[in-house]
Amino acid sequence: MVTGGRAKGNRNFPSHNCTVRHDVDLVTLLIPADSFPRRIARWWRRICLIDHHSPVTRLVFRSDTAIKREMSRQLTYYPGTIHPLSYFRFVWECLMIVTFATAFQLIPYDVTFLFRIGDYYPFTAFHVVILGTDFICLLDVIISMYTGTYQRRSHQVNLDLKTVRKRYLRMWFWIDVISSAPDPLLTKLIPPSTLDNSLVYCLHNLDYHPGCLWDLWSLMSVIKIFRFQTFLRYIRRLCERFGLRRNVIKFIGILATVLTVFHWSTCLMFMVLRLTQGTDPAQIDTRSWSQKLPFWNQTSFVRYLECSYRTLYTVTHITHDFNESMTYDDMVMSLIYTISGYILKIYLLAELLIFIRILFSSTSKYHEYRYELSNYMRHEQLPAALQKQILSFYDFRHPKIYSRWSLIRSVLGEQLYGEIRMEILGPLLRACPLLRATFSDQQLTALALGMDFQLFMKNDIIARWEDTGSGDESHWKMVFIVTGTVAIYTSGWKDVLHLENGEHFGEFQLLFDADTVKFPNLVAVENTELYTLSREWLDRFLQPYPTVRQNLIDLATEHLRQMEQMQRGTVLDTLENVETVRMQRSRSHRGTE
């Protein structure tokens, strides 16, 4: 923190100019790079650290101080862990989105529609792509063993690799490894004569051969569909990073789910046909729908298009014309797909109603009020810098939603609202030894209800010595920091101390006058959320409890006395060290003479 002279254009600081230097590079500070390999290692460590530019990181940790603390924790205790909110993880998840989307489309097509020898020999570009997705998925398994986990609901980050690996090895590790096995490479090593005894062929004829086991390995890749939830989670994180609205993110997830289910249903229809009727046109039942048109002499892609069309009109129930003769398996599949189509319609209708409701929810109010605020500032012709600062404050106060706490408090009632406040402020109040030793739990709840929530942007003055130090002492207040950093200045604007998340200041200013303690200048180093407890409110609260007030003053006086003794001891130690240095210098000077 550097202070300077008066700044005429700074409305927040009419009496001084404050420049915040809060950009200490911990990687450069803690990791040496005196050679080329070490510079590469530093670059790798940097991209594996938490990405402080990510909006998701800002949403989780809220302040630069918390991000720096998380970065320091990773460098100190978990240097070999890849942070789940790192830039490397973001790039890798983008690659996995493309990989999963490709695998979910190609794998069922390969398992069901490619069953002839000509589909595998020679080795086609189609199977090269599948082989590439398998190797990327295997590499993802290895990277997952070195990546921490992030719980979205609780906003908790676990970087302990021992715990992460233990949880991963319980179930999902084996599914990921088996489903990522490079089966096209195995197929290349199988003799062409063995392909005639595929697993589906053996199941159809009920005539099992050892050669049919080669196809079982290929079918195991279908288990990769269990990673579809991970695929949707990666898409949601990507959308959140680009700041898309919640309803847009949900629409993208529904669209990806519907397209994937439709594609797999198409492949399932042809798989059932292969299992029940086989692939020899001469032995297929004449009532089967595949015999009504030239189907088996077409390419695999044309057969896929025919199955897609049949799946589409069966699921959407476009036609009710079922007068044609059908096999029993065709009837069962048509019945299942028709029922699934009705369920899909109900689901999409429900999501449409939810989407319409979201249009009038708090998210829309947030964007509506922000738009009105922007129009008002343009109408008043406010400076661009001030407009940006006001919009930043609005976004910080209402992060993508708009809520009225006065309405919430009136609905919940005093008791439930007090429990909510204690969940937020309880740890902050109990962190103060003076309050923890004096007040009961009920009294701490009353203190939490009497505190005021305030937001301050970067470089805003929280309290000024001219307003509080020389004026009425009833305006003094105690500060509890939820997120952010607060700098303490003397009356002459000399930087003394920085307070961070979970810390407090001003408990002695609530009890003593200006002759005993002073109230300094308080400045927000970054965007800061805090609660304040005023001296005037505390005096009214303690008026019915004179004994509690006296105990509080006695305990505070004892703490002040101990602090003065500690300061006096520090000064005496410093003076003693200075005198020792002076004596050593004088002796050395006499020796040289």
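Salt bridges, patches and backbone angles

Me: Which salt bridge does Lys224 make with its side chain?
Reply: The side chains of Lys224 and Asp134 meet in one, at 3.6 Å from N to O. The pair ties together parts 90 residues apart in sequence, because Lys224 lies in the loop between helix H11 (213-219) and helix H12 (228-241), and Asp134 in helix H6 (residues 125-144). A salt bridge here is a side-chain nitrogen of Lys or Arg within 4 Å of a carboxyl oxygen of Asp or Glu.

Me: What should I know about the model and the numbering?
Reply: The model is predicted, so local features need pLDDT of at least 70 and side-chain atom pairs count only at pLDDT 80 or more, while totals for chains, interfaces and linings use all residues. Residues are numbered from 1 along each chain as its sequence is written, and side-chain values use heavy atoms, with hydrogens and water left out.

Me: Lys224 and Asp134: buried or exposed?
Reply: Lys224 is buried, and Asp134 is too. Buried means under 20% relative accessible area, exposed over 50%, and partly exposed in between (1.4 Å probe, protein chains only).

Me: What does Asp176 pair with?
Reply: Asp176 meets Arg227 in a salt bridge, 3.3 Å from N to O. Asp176 lies in helix H8 (residues 172-179) and Arg227 in the loop between H11 and H12, so this pair ties together parts 51 residues apart in sequence. Asp176 and Arg227 are both buried.

Me: How are the helices assigned?
Reply: By DSSP runs, numbered from the N terminus: H or I with at least four residues for helices, E with at least two for strands.

Me: How many salt bridges does a search of the whole structure find?
Reply: It finds 13. Arg89, Glu93 and Arg237 are linked in a network of them.

Me: Where do Arg73 and Glu70 lie?
Reply: Both are in helix H4 (residues 64-77), three residues apart, about one turn of the helix. Arg73 is partly exposed at 26% relative accessible area, whereas Glu70 is buried at 7%.

Me: Why might residues three or four places apart point the same way?
Reply: An α-helix has 3.6 residues a turn, so residues at that spacing point the same way.

Me: How many residues apart in sequence are Ile50 and Glu70?
Reply: They are 20 residues apart in sequence, and 7.6 Å apart in space, C-alpha to C-alpha. Ile50 lies in the loop between helix H2 (36-48) and helix H3 (55-61). Its relative accessibility is 3%, which counts as buried.

Me: New topic. What is the span of helix H13?
Reply: H13 (residues 246-277) has 32 residues and reaches 46 Å from its first C-alpha to its last. That is close to the 46 Å expected at 1.5 Å a residue. The expected span is 1.5 Å times one less than the number of residues. Just after H13, Gly278 takes a positive phi of about 85°.

Me: Which phi does Asn459 have?
Reply: Phi of Asn459 is near 75°, positive in a residue other than glycine. Asn459 sits in the loop between strand E5 (452-456) and strand E6 (461-463). At 19% relative accessibility, Asn459 counts as buried.

Me: And what is phi of Trp493?
Reply: Near 60°, again a positive value in a residue other than glycine. Trp493 is in the loop between strand E8 (486-489) and strand E9 (495-499). Trp493 is buried, at 10% relative accessible area. Most residues other than glycine have a negative phi.

Me: Surface next. Which residues gather in a patch of positive charge?
Reply: Lys162, Lys166, Arg167 and Arg170. Arg170 lies in helix H7 (residues 161-170) and is exposed at 63% relative accessible area. Patches take residues with over 30% relative accessible area and no salt bridge, joining like charges within 9 Å and nonpolar side chains (Val, Leu, Ile, Met, Phe, Trp, Tyr) within 5 Å. Lys and Arg count as positive, Asp and Glu as negative; His and the chain ends are not counted. A charge is placed at NZ of Lys, CZ of Arg, CG of Asp or CD of Glu.

Me: Which residues form a nonpolar patch?
Reply: Leu349, Leu352, Leu353, Phe355 and Ile356, with about 460 Å² of accessible area together. Areas come from the Shrake-Rupley method with a 1.4 Å probe; for residues, only the protein chains shown count as cover. Leu352 is in helix H15 (residues 328-359). Leu352 is partly exposed, at 43% relative accessible area.
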